Amino acid sequence: MSQIEAKPVFQPNKEFSKTARIKNMCEYKALQDAATEDYEGFWGGYAKEKLDWIEPFTNTLDESNFPFVKWFGGGKLNVSAQCIDRHLEFRKNKAAIIFEGDRGDKQVITYLDLYYKVNKFANLLKEDFGVKKGDRVVIYMPMIPEAAYAMLACARIGAIHSIVFGGFSSEALKDRIEDAEAKVVITADGAYRKDKPYMLKPVVDAAIDANSPVKKVLVIERNNEDVTWVAGRDYSYNELIKSKSGKCEPEVMDAEDPLFLLYTSGSTGKPKGVQHNSAGYILWAQMTMEWVFDVKENDTYWCTADVGWITGHTYIVYGPLAMGATTVMFEGVITHPDAGRPWKMVEEHKINQFYTAPTAIRVLHKMGEHEPLKYDLSSLKVLGTVGEPIDPPAWKWYYEAIGGSKCAIVDTYWQTETGGHIVSPIPGATPIKPACATFPLPGIMAEILDENGEKSPVGEKGLMCVTRPWPSMIRGVWGDEKRFVKSYFGDVKKDGKPVYFTGDGAVYDADGYITITGRTDDVINVSGHRMGTAEVEAAIKKHPNVAEVAVVGKPHEIKGEGIFAYVVLKSDSGVADEVEEVKAINKVIQKEIGNIALCDDMVFTSGLPKTRSGKIMRRILRSIAKGEEITQDISTLEDPSIVEKIVNMLRK
Ligand code: WT7
């Protein structure tokens, strides 16, 4: 058995625990036991208590067609009504969204404001664009409140939104538009970043050609820079919205009607459209907000993610609004004008829960170690992290310098496919260990299994799985049932039955704590964003001089993982200047995917280590990239000498 290091334990803050929703480990265990004893009773109970049903559900869980499961069958509801209408009775004047722009401009949007904004937006989509229930709408937007209105307006009329992160290129946007067969794109002229305008509309223009399924483009004017308008296709939101009624009846949706698609990278092929449906998703978004962040009625909660990623969906928009919380939306860059920006915002808005990614913590630490001292951070109660394993030094700085050694750190483990947190500390209950996701949340049957489906022994790395379907589980890969089954339910079986496998490795310590060790597949995690090596390779291969390429992840001080590419050029390419060639290849990546996929390292080699059957041995390439000694058996390679050649080349 391999030894794992014993980690120190930090007890929850006693004052905090007193009023927490889950106050201690006994309460946590009681909930987990209740779910184990009566799984459907547990979930059915919460679904009745937490959601407003237009028609009650009659069948809590239908697993007969596993993994195509159905939760809350017969139930009817509308997610936008969950997030807005039901709060109007007691919270109509409460801030729903507090917006802070890049240049410090602020807006407070109350629940009543939000109601009118979303209703008008919904009427616009229906009346002017003919958007109907089930239609797909792509949202390509900056971090402005209109992004949230757009999402909720789609939910209100039953349209399925698919947000594409604003950093993706026109090619990437085009692929996602086409895969989803979206008929409308909602975008902005652009927005502001570091005090300067930047543009989005031109990227949308480049993504739509004559064959595009997109017939209408709605443009929110944010920075008022010049854009080109295509007559009959492009419309100004600011103009159209003026004449819209503030009342739009929410569409009656089935519990399992799709709510949104979100494209994410897999280990092979093109990105997959992860599908989330209505009731199960919104239930777990709300419950995890309540349990994991323990947001109270008068609290102000801030998650720094972008709406282009799942964190922005569940923990900026849907979760906080479903529970009636105040959520902060930030357009800017956290290190601008200096690395004290977030702490200044914490002081000014008296933020109580702050949720960010390890890469952001590392950058804020590195660029502004002493910045937190300049601000009053005493309002903070819970600090969250998400997206990748956090390293102990970053954890320590977060805990001490930001949290004043009194805030719980919730290291929330989840993924696009899980809809919400699945393994995470509970701030008033769980004694935390640095850089450790701790335990499955109540109701989530998460287990580390070995390849035979047996529970992994303490200290031995296994596969992070969930053995029963849960309400916010992915419902499908858009347009590809086979890929859905194969990607998530193909690898691990427990008692002969397939279980959900996350793609991550994990390990139990002697106290049963779960530490996530990272992806076990060819997916790399760059600054908390998932990137398929296959996608980056496909982009690089588009450069005419490239014969072959292999991409691996390499540890990176700030980003967690960086992208390392081994490129074999065509023998007749006649490349003389390697520096220029790297630039040219990166340009192709920029065009195909976007800046987030640019390579940190690129080396030109004469070949790649392959097995006799032609499979590239990425494991060896990962070791070489890290500068590790090669201990693997390379005798089975087609040409073992290639390894030495690459190693020698990199030494130079
Ligand atoms: C992958 C999911 C979940 C929202 C943001 C990313 C990694 C996520 C943690 C954590 C260690 C983590 C996993 C996972 N990951 N949270 N707390 N500790 N690793 O969503 O793009 O779907 O990526 O992020 O590898 O599979 P995503």
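Let me begin with helix 19, residues 618-626, whose buried residues are R618, I620, L621, S623, I624 and A625. Please keep in mind throughout that what we are looking at is a predicted model. The buried residues of helix 19 have a cover that includes helix 17 (533-541), strand 30 (546-556), strand 31 and helix 20. Just after helix 19 comes G627, and this glycine takes a positive phi of about 80°.

Is M649 buried, exposed or partly exposed? Its relative accessibility is 27%, and M649 therefore counts as partly exposed. If we leave aside the neighbours within four places in sequence, M649 is in contact with V603, F604 and T605. For a sense of distance, consider M649 together with A446: these two are 203 residues apart along the chain, and their C-alpha atoms are separated by 44 Å.

The buried residues of helix 14 are P358, T359, A360, I361, R362, V363 and L364. Which elements cover them? The cover includes helix 13 (341-349), strand 18 (353-356), strand 19 (382-385), helix 15 (392-402) and strand 31 (560-569).

Strand 18, one of the elements in that cover, is also the place of Q353. Q353 has a relative accessible area of 0% and is buried. Not counting residues up to four places away in sequence, Q353 touches a number of others, among them F293, D294, Y301, W302 and K381.

Now we come to the ligand, which has 18 residues around it, and of these D411, T412, T416, D504 and R530 come nearest. By type, the shell around the ligand divides into 6 nonpolar, 7 polar and 5 charged residues. In T416, a polar side-chain atom lies 2.5 Å from an oxygen atom of the ligand, and in D504 an N or O atom of the side chain is 2.5 Å from an oxygen atom of the ligand. With P389 the backbone takes part, as one of its N or O atoms lies 3.4 Å from a nitrogen atom of the ligand. How much of the ligand does the protein bury? Taken alone, the ligand exposes 560 Å², and the protein buries 96% of that. The elements that give two or more residues to the shell are helix 12 (310-322) and strand 27 (514-519).

Next, the cysteines. A disulfide is a covalent bond between the sulfur atoms of two cysteines, and this structure holds 0 of them.

Finally, a few words about the backbone. Most residues other than glycine have a negative phi, and most peptide bonds are trans. With that in mind, here are some exceptions. A cis peptide bond joins F66 and P67, with omega at about 5°, and P67 has its place in the loop between strand 1 (59-62) and strand 2 (70-73). The peptide bond from H336 to P337 is cis too, with omega near 0°, and P337 lies in the loop between strand 17 (326-330) and helix 13. As for phi, D195 is not a glycine and yet has a positive value of about 75°; this residue sits in the loop between strand 9 (190-193) and strand 10 (196-199). A435, again not a glycine, has a positive phi of about 60°, and is found in the loop between strand 20 (408-411) and strand 21 (446-449). Is A435 buried or exposed? At 11% relative accessibility, A435 counts as buried.

How values were computed:
Residues numbered from 1 in each chain as written. Predicted model: local features only at pLDDT ≥ 70, side-chain atom pairs only at ≥ 80, totals over all residues. Heavy atoms only, no water. Near = heavy atom within 4 Å. Polar contact = N/O pair within 3.5 Å; in protein donor to acceptor, adjacent residues only side chain to side chain. Areas by Shrake-Rupley, 256 points an atom, 1.4 Å probe, with all protein chains shown as cover. Helix = DSSP H or I, 4+ residues; strand = E, 2+ residues; numbered from the N terminus. Nonpolar A, V, L, I, M, F, W, Y, C, P; charged D, E, K, R; others polar. Disulfide = S-S within 2.5 Å. Buried < 20%, exposed > 50% of the residue type's maximum accessible area, 1.4 Å probe, protein only. Contact = heavy atoms within 4.5 Å.
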